Amino acid sequence: MGSIVTAHDVEYIEIYTSDQRKTTDYFVSGMGFQEEARCRTGALESILLRRQEIQLVITSGPGTADFLAEHGDGIADIAFACEDPLAAHEGALAAGARDLTSGNPAGPAVSGFGAVRHTLLKRSADRPHGLPPGRDWVASPKGAARAGTATELRLLDHIAVCLDAGTLHDTVRYYIEGFGFEQYSSEYVAVGEQAMDSIVVRSPSAGITFTIIEPDSTKKPGQIDEFLERNGGPGVQHLAFLVDEIIPAVVEFETRGIEFLQTPGTYYDALAERIDNLDETITDLRKTNVLADRDEWGYLLQLFTRSPFERRTLFFELIQRHGAQGFGSSNIRALYEAVERARAANS
């Protein structure tokens with residue numbers, strides 16, 4: 001089953017939210033998405049947003065109440081584009097998925113992780129995205145178009161998933177056997193008295209990349225445990241958007257109201273020792289709080305937003321790649337060490 005390619009791209013990501021207007025404004029005014037269409041389907045009201053190849057469906061209404069009560073605002077559906085949705089559906093069921101097709105207006109659907117489902121849609125890899133099917137979309141007026149931005153989000157770089165301890169390998173097996181994904185990399189990250197295990201899986205087309213993480217239950221609880229508690233179980237921790245130039249992107253997005261995490265100054269005191277030959281200056285990185293990491297292929301720059309949601313569940317990442325193929329795992333250690341240096345200096 002693992003050699004059969006059944007899913008090749010993310011068609012759309014559906015976010016359930018308690019405040020549709022505020023969430024839509026976050027993406028439109030803050031990140032430059034464009035509102036494409038609106039619809040009402042039963043007890044759900046949805047708004048379709050698009051930027052480049054990224055499609056987000058922002059959904060609210062009585063039909064989201066149970067999800068929101070248990071998990072807070074977050075991702076309920078990661079829809080996969082497939083050459084053959086029925087075959088993908090059968091393959092996922094054979095790998096242990098639950099069938100969630102009943103009541104799903106878009107068609108075949110299966111369980112993913114936690115409360116996240118995968119709607120399976122027919123689209124060949126060389127065709128552009130279309131409106132999500134099964135809903136009576138009404139095109140939004142031109143007035144709903146985004147305000148012009150100099151920064152472009154090129155594509156969805158990866159989706160970070162947090163799981164309960166002890167479920168990582170079964171989940172990875174599910175995506176390999178059920179959807180034809182391939183294991184790309186794995187890493188165990190120890191941070192002081194905390195630790196986490198991670199495996200990256202992706203579709204052979206590289207159109208879908210999951211960074212899947214579980215906490216090490218033999219260590220002290222850390223940030224992954226905290227997310228699982230706030231989220232009411234497994235779920236999507238963050239979406240990472242690829243940009244060409246992260247420093248001007250951060251500056252622009254901040255002027256539009258996007259809040260990013262702050263980085264301790266001591267992180268940059270040690271940065272030159274960790275990473276050399278950066279095109280960007282450490283001064284510019286320090287001013288914008290941007291993080292840097294290097295692997296055998298090159299380096300990357302990244303920065304995470306604060307979660308715009310009340311339960312501080314889902315958040316977002318901007319990432320710029322200079323050849324690097326990793327996901328910045330050493331920044332977890334570097335940030336931890338920087339915070340410890342700052343504490344020591346103030347003690």
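Over the ring of which residue does the charged end of Arg321 sit? The charged end of Arg321 lies over the ring of Phe327, 5.2 Å from its centre. This is a predicted model, in which local features need pLDDT of at least 70 and side-chain atom pairs count only at pLDDT 80 or more, while totals for chains, interfaces and linings use all residues. Residues are numbered from 1 along each chain as its sequence is written, and side-chain values use heavy atoms, with hydrogens and water left out.

**View 1. Charges over the rings of Phe327 and Tyr184.** A charge sits over a ring if NZ of Lys or CZ of Arg is within 6 Å of the ring centre and within 35 degrees of the ring normal. Arg202 lies over the face of Tyr184, at 4.2 Å from the ring centre.

**View 2. Helix α4, residues 168-179.** Helices (H or I, at least four residues) and strands (E, at least two) are DSSP runs, numbered from the N terminus. Buried means under 20% relative accessible area, exposed over 50%, and partly exposed in between (1.4 Å probe, protein chains only). In α4, Leu168, Thr171, Val172, Tyr174, Tyr175, Gly178 and Phe179 are buried. They cover an arc of only 155° around the axis (taken from the directions from the helix axis to the C-beta atoms), which puts them on the same side of α4. On the other side of α4, His169 and Asp170 are exposed. Gly180, whose phi is positive, near 75°, follows the helix.

**View 3. The aromatic pair Phe27 and Phe316.** Rings of Phe, Tyr and Trp (its six-membered ring) pair if their centres lie within 6.5 Å; planes under 30 degrees apart count as stacked, over 60 as edge-to-face and the rest as tilted. This rule gives 20 aromatic pairs. The ring centres of Phe27 and Phe316 are 5.2 Å apart and their planes are at 80°, so the pair is edge-to-face. Phe27 belongs to helix α1 (residues 20-31) and Phe316 to strand β16 (residues 315-322), so the pair ties together parts that are 289 residues apart in sequence. Both Phe27 and Phe316 are buried.

**View 4. The salt bridge between Glu11 and Arg123.** A salt bridge is a side-chain nitrogen of Lys or Arg within 4 Å of a carboxyl oxygen of Asp or Glu, and the count comes to 16. The closest N and O atoms of Glu11 and Arg123 are 2.5 Å apart. Glu11 is in strand β1 (residues 9-16), and Arg123 is in the loop between β7 (117-122) and β8 (138-139), 112 residues apart.

Terms used:
Expected span 1.5 Å × (residues − 1).
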